[in-house]
Amino acid sequence: MLAIILALSLFFYLRSINREDANEQVDIFSSDAEDVVPEPPKNKHHHWFNSKCPEYLEYSEERHEPFSEGPLKLPYMRPPEDCRTFKSVAIEKTLEALEPRFKDPDLFRLLENCLPNTLDTTILWTDFEDDNDLRSFIVTGDIHAEWLRDAARQLSVYQPFVKHDKQLQLLMKGAINQQAMFISTQPYCNAFQPPKKSKVQRKPSAVDFVSPRPNYYVAFECKWELDSLASFLTLSNEYYENTGDSSFVNEVWLRAFEVILIVLQKQSSPTFNPDTGILLPFYYKFQRDTRIGSETLPLAGTGNPINGGTGLVRSAFRPSDDSTIFQFLIPANAHMAVELSKISYLLKSKQGSTAQITVFVDAAHQFSESMKIGIKNNAIFDHPRHGKIYAYEIDGYGSALFMDDANIPSLLSLPELGFLEIDDPIYNNTRQMILSKSNPYFLKSQFFEGVGGPHIGLQNAWPMSLLMAIRTTDDDQIITKYLELVKSTTAGLGLMHESINIYTPKGALYTRPWFSWCNSEFGKTILDLASRKPHLIFKDDYVESFNIDSLFLQ
């Protein structure tokens, strides 16, 4: 019944779809469409608001005064005020209120640099003129493209502030609307070019052999990542949870959600017909000319086979943009299951407005429950050292991959995603595996430790993994240890980096000096500790938890 409903929805969708940045209609689920190669940029984009502003990529690699008063003497890395891409009075007021509370001036300097970094440097375009068509384009940092997941995570730290800042509300609604437009036409893509009307300089797209063939004037990269679509729902759900405002659920948003349900249905299909054994159609293929195995898919771009009857949805790539080995990626399925459950609740408040929404509520609930049951029935295994744990990837045939990757969603992040509680015994077994040598990507030296992944290599751990480890434990000793590691390994630059070579002191060798996603994760971590563990970071005079809402009621 669900398949019939979705097939009808697809018919009406394809009949009505209008493409924003293309001159002709392209069937997003057909492999017969022609490739659309982007035009080279004609106008140089002036970073920030005027050409006198320095490029932040270069700016982020130099130390700027004034330095913090702690032993690390960390620099002030916010760009000049006139060069900031977005300004939030709520964030500025929060930083002002927090500064006198901190016992460690170096830690506060990191917060001062990192918390506003996404706003200061990555909001390359907004259009708030039309309340019915708000737009925001957020880049990941040093690449002028928007990753659906990265942008949602970058903005997540600001969601608790939106009710206190009208400009942040517009920014969030614009981001939701823009992502809905991207997903409506290119649901298998993970990263996107700036909208044409933004006049932001475009970088060459990653033109690969992909089916369905993307419109590369709109898409920057088209790796099918289940968590990218889940992250769009996270962006929507978090905004609604913090404001109670569901006005973003407009025609564009509903069209995007319809496409998400269709994709989930297609990507639930097994490799072989369970009754006849006949090979079933592939709805997504990806091949790249590369010497890096994790940048492409085996078996002519289809990926390794998956079995039917699991209730899970396949994902060709991980949140690190590396290819999956077994395509049932458990953290991504958990992430999507939670967000669909929340979206179902949100849409129930709009039931009665259209018959379509009732269908969406039922479909979201069915998918969510199917994925939750599928994880519990298929993704829990007995590990020889750690007992029952969650696998990172499975194929439904009995094969499983025991590891974790630093990028979110991860197994480590399951409590924060809302999939389970922090004291869940299977999660705690899994956590022990993740943060030990039982995880092949847990890296440790005398200078640094953390979870890495194949994306960078076997010498680099990601600070993001330690930030998530802090937010998913109540152990003060672990929190203090990881916080000190993160604080002291910025190469003296006072910003979070994508990864750190664990064999170099002070994080001297790192990747990506301007990586706003991790800067936002650091801001979220400190705000979490300010509320949950204030005694670890505040002076003795400030023993009470820091509450954002209370700050704005004063």
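**Exercise 1.** In which kind of crossing, left-handed or right-handed, does H6 pass H8?

*Solution.* The crossing of H6 past H8 is left-handed: the near helix is turned anticlockwise from the far one by less than a right angle, where clockwise would be right-handed.

This is a predicted model, in which local features need pLDDT of at least 70, side-chain atom pairs count only at pLDDT 80 or more, and totals for chains, interfaces and linings use all residues. Residues are numbered from 1 along each chain as its sequence is written, and side-chain values use heavy atoms, with hydrogens and water left out.

**Exercise 2.** Find the angle at which the axes of H6 and H8 cross, then classify it.

*Solution.* Step 1: the axes of H6 (residues 148-156) and H8 (residues 226-243) cross at roughly 30 degrees and come within 8 Å. Step 2: angles under 35 degrees count as roughly parallel. Step 3: H6 and H8 are therefore roughly parallel to each other.

**Exercise 3.** Describe the salt bridge of Arg-153 with Glu-416.

*Solution.* Step 1: a salt bridge needs a side-chain nitrogen of Lys or Arg within 4 Å of a carboxyl oxygen of Asp or Glu. Step 2: for Arg-153 and Glu-416, the N to O value is 3.3 Å. Step 3: Arg-153 lies in helix H6 and Glu-416 in helix H13 (residues 414-417), 263 residues apart. Step 4: Arg-153 is buried at 10% relative accessible area, while Glu-416 is partly exposed at 30%. Buried means under 20%, exposed over 50%, partly exposed in between (1.4 Å probe, protein chains only).

**Exercise 4.** Which residue does Arg-471 pair with in a salt bridge?

*Solution.* Arg-471 pairs with Glu-416, with closest N and O atoms 2.6 Å apart. Arg-471 is buried, at 8% relative accessibility.

Terms used
Axes are lines fitted to C-alpha atoms, for helices over the stretch in contact, and angles run from 0 to 180 degrees between N-to-C directions. Helices (H or I, at least four residues) and strands (E, at least two) are DSSP runs, numbered from the N terminus. Angles under 35 degrees count as roughly parallel, over 145 as roughly antiparallel, 65 to 115 as roughly perpendicular and the rest as oblique.
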